[in-house]
Amino acid sequence: MDGSIQIEAFVWQPVAIPHAKFRDLLDAFLKQAPETPDLERQGFELRTSNPMKWEDVEAFIKAVCKWAGSTGNRVLGQVLKPGKTAIETAMRDAIIENSLRDAISQLGSNQPDPVTALERMLKIRGLDVSFASKHLRFLFPKYCPTLDSILSFRLGYKPSPGGYG
């Protein structure tokens, strides 16, 4: 390899990004999204908390959706949409917590499994691959990239658990 990473551009032409440019690209990204390191810390604290508290889960979901911008507001409304009864809302909360715990368990094992973790996150009503992967990315940035529509389109990965693997 010549010291660069080959990717496909928006027009499906090969483009090389030299490794030396990554730091500059990361710095430019962090200028646009300065809350990213704090959200990574929040994800670490959530994944290592025992027991996990609903208030922390809810705050994390809200922070990830806020980080994502305007689409995040729509997703947040679906994910945290109250049930018609208190029992339905409690069931929603339990599904969210269990899915999150299962995903964390998949990624915290000796053999991290991002695909299965993504499948677990997709059990949460309102999360698609893009937003489920965003949550995983902040829980385990070492293992989990974000697979949003831009990356899916530009790099040719299917927006599915299989495309994530």
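This note goes through the fold, the helices and a few individual residues.

1. Basis. The model is predicted: local features need pLDDT of at least 70, side-chain atom pairs count only at pLDDT 80 or more, and totals for chains, interfaces and linings use all residues. Residues are numbered from 1 along each chain as its sequence is written, and side-chain values use heavy atoms, with hydrogens and water left out.

2. Overall fold. The chain has nine helices and two strands. Helices (H or I, at least four residues) and strands (E, at least two) are DSSP runs, numbered from the N terminus. The order along the sequence is β-β-α-α-α-α-α-α-α-α-α. The chain has 165 residues, and 33% of them count as buried. Buried means under 20% relative accessible area, exposed over 50%, and partly exposed in between (1.4 Å probe, protein chains only). Take the contacts between residues at least 6 apart in sequence: 50% join residues at least 24 apart. Contact means heavy atoms within 4.5 Å.

3. Helix α2. This helix covers residues 36-48. Its 13 residues should span 18 Å at 1.5 Å a residue, and the end C-alpha atoms are 18 Å apart, which agrees. The expected span is 1.5 Å times one less than the number of residues. T36, L39, G43 and L46 are buried in α2. Seen down the axis, the buried residues of α2 fall within an arc of 80 degrees, so they line one face of the helix. The arc is taken from the directions from the helix axis to the C-beta atoms.

4. A cis bond to check. Most peptide bonds are trans. The bond joining N50 and P51 is cis, with omega about 5 degrees. P51 sits in the loop between α2 and α3 (54-67).

5. The α5/α6 pair. Helix α5 and helix α6 (residues 114-121) pack at about 180 degrees, and their axes are 8 Å apart. Axes are lines fitted to C-alpha atoms, for helices over the stretch in contact, and angles run from 0 to 180 degrees between N-to-C directions. That makes α5 roughly antiparallel to α6. The cut-offs are under 35 degrees for roughly parallel, over 145 for roughly antiparallel, 65 to 115 for roughly perpendicular, and oblique for the rest. On the α5 side, the contact uses S99, L100, D102, A103, Q106 and L107. On the α6 side, P114, T116, A117, R120 and M121 take part.

6. Helix α6 and R120. In α6, T116, A117, L118 and M121 are buried. The buried residues of α6 pack against α5, α7 and α9. R120 is also in α6. Is R120 buried or partly exposed? R120 is partly exposed, because its relative accessible area is 24%. Leaving aside neighbours within four places in sequence, R120 is in contact with S99, D102, A103 and Q106. R120 and I96 are 24 residues apart in sequence, and their C-alpha atoms are 9.6 Å apart.

7. R92. This arginine is found in helix α5 (residues 86-107). R92 counts as buried because its relative accessible area is 13%. The side chains of R92 and D93 make a polar contact of 2.5 Å. A polar contact is a pair of N or O atoms within 3.5 Å; within protein, one must be able to donate a hydrogen and the other to accept it, and residues adjacent in sequence count only if both atoms are side-chain atoms. Not counting residues up to four places away in sequence, R92 touches W54, V79, L80, K81, P82 and R125.

8. Helix α7. Eleven of the eleven residues of α7 are buried. Among them are F131, H135 and F138. Which helices do the buried residues of α7 pack against? They pack against α2, α3, α4 (70-79), α5, α6 and α9 (161-164).

9. S130. This serine lies in helix α7 (residues 129-139). S130 counts as buried, at 14% relative accessibility. Its side chain makes a polar contact of 2.8 Å with the side chain of K134. S130 touches T146, L147 and D148, not counting residues up to four places away in sequence.

10. P145. This proline is in the loop between α7 and α8 (149-155). P145 touches S133, R137 and Y164, not counting residues up to four places away in sequence. P145 and Y164 are 19 residues apart along the chain, and their C-alpha atoms are separated by 8.5 Å.
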